[in-house]
Amino acid sequence: MLFQSFVSFVFFVDLKNTRAMALVVFEQSLNLEAPFPMSKPRILVTRAVFPDVLERLAPYFDIESNQEDCIYTEEELREKLRDKDGVFTTPSERVSAATIAACPQLRAICNMAVGYNNIDLDAASQAGIMVTNTPDVLNETTADFGWALLMATARRVTESEHWLRAGKWEKWRYDSFLGADVHGSTLGIIGMGRIGQAIARRSTGFNMQVLYHNRSRLSEDLERAANNARYASKEDLLRQSDHVILVLPYSAATHHTITAAELALMKPSATLVNIARGGIVDDAALIDALRTGRIAAAGLDVFENEPRFHPGFLSLSNVVLTPHIASASEPTRRGMANTAANNLIAALTGGRPANLLNPKVKPKA
Ligand code: GLV
């Protein structure tokens with residue numbers, strides 16, 4: 001009881017927003033009289049994380065933490081996980097079927113991301129391992145960034161800034177950095193989950209038409225709330241949109257959703273924005289389309305094989321490049337880290353994590 005009150009107090013004095021309040025409620029709901037008097041479960045935190053999140057985990061777990069932030073190879077990760085009960089991962093670590101098979105003690109994999117293509121979910125489920133992600137907490141921030149990239153791409157913001165910084169601005173000209181209008185245009189959203197819908201809602205202020213393509217159609221209510229978005233085939237959406245934004249999850253089925261064939265359908269004046277995952281776009285084909293003027297411009301936050309990426313992008317002025325930061329606002333990254341921590345605590349203290357991706361899993365004893 002004393003321990004529980006202490007944890008609640010620590011979070012109460014640090015309350016900054018409603019997310020922090022949610023953490024207090026979460027801590028109280030654990031109802032821990034004393035945390036693991038015998039031995040604590042062992043966890044690995046695979047990458048650097050906010051120090052206060054590590055402090056939250058400390059009462060529950062024996063922690064090996066990679067605050068040095070080196071990137072583990074798959075073999076190094078496997079070695080480190082052999083004696084662990086749980087792992088706090090990020091999109092940079094691949095937790096493969098081979099790693100899962102080599103780590104029989106592992107009971108929970110909690111990813112600090114909404115995407116979880118870095119984890120072999122089927123292998124984890126078969127091995128009785130709970131897998132979680134961090135949905136919802138990043139929807140609005142990621143939608144904001146989709147718009148930032150769309151605006152920067154359509155209006156040539158980074159290209160013109162680089163030119164100015166290079167000392168090339170000598171006079172105003174009527175045709176300097178002519179871009180595409182965003183207001184009044186047609187926005188095509190491929191992947192109309194919660195982030196796609198948040199992007200569509202923001203388009204009302206720009207008086208845009210919204211087309212979307214998704215595995216399944218939204219209900220009429222959701223379409224209405226998403227600026228009256230209209231369902232379209234991928235091909236029709238690509239032909240009709242002035243700006244196309246990709247927000248779909250990566251899987252074998254969505255690999256190379258955009259190749260040379262899809263780019264050939266787009267308007268030559270169109271822009272393409274990818275805030276989803278590398279691998280959804282065939283980057284070599286996109287470079288070719290940007291170089292030849294097949295489409296006007298692209299804004300990319302994610303790349304095939306990131307953090308390495310195709311060097312061809314660097315020689316193009318009609319592409320805006322950012323290093324996978326769509327969810328990177330201070331409150332949202334904190335919210336994601338705390339959500340992953342909550343999931344890990346729940347999974348390894350006999351609870352049911354809020355964001356279980358394999359709800360039918362039979363957890364290991
Ligand atoms: C980030 O890319 C995420 O999936 O949350």
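**Close-up views of a predicted model**

**View 1. The ligand shell.** The shell holds Pro91, Ala113, Val114, Gly115, Leu138 and Ser327; each has its C-beta atom, placed from the backbone, within 6 Å of the ligand. This is a predicted model: local features need pLDDT of at least 70, side-chain atom pairs count only at pLDDT 80 or more, and totals for chains, interfaces and linings use all residues. Residues are numbered from 1 along each chain as its sequence is written.

**View 2. Helix α13.** Asp283, Leu286, Ala289 and Leu290 are buried in α13 (residues 283-291); buried means 20 or more other C-beta atoms within 10 Å of a residue's own. They lie on the same side of α13 because they cover an arc of only 120° around the axis, taken from the directions from the helix axis to the C-beta atoms. Helices (H or I, at least four residues) and strands (E, at least two) are DSSP runs, numbered from the N terminus. The buried residues of α13 pack against α12 (260-265), β11 (297-300) and β12 (319-321). Gly293 follows α13, with a positive phi near 75°.

**View 3. Confidence.** The mean pLDDT, the predictor's confidence in each residue from 0 to 100, is 92 for the protein. Of its residues, 90% reach 70 or more. Over residues 1-22, pLDDT stays under 50.

Technical notes. Buried ≥ 20, exposed ≤ 12 C-beta atoms within 10 Å, placed from the backbone. Contact = placed C-beta atoms within 7 Å.
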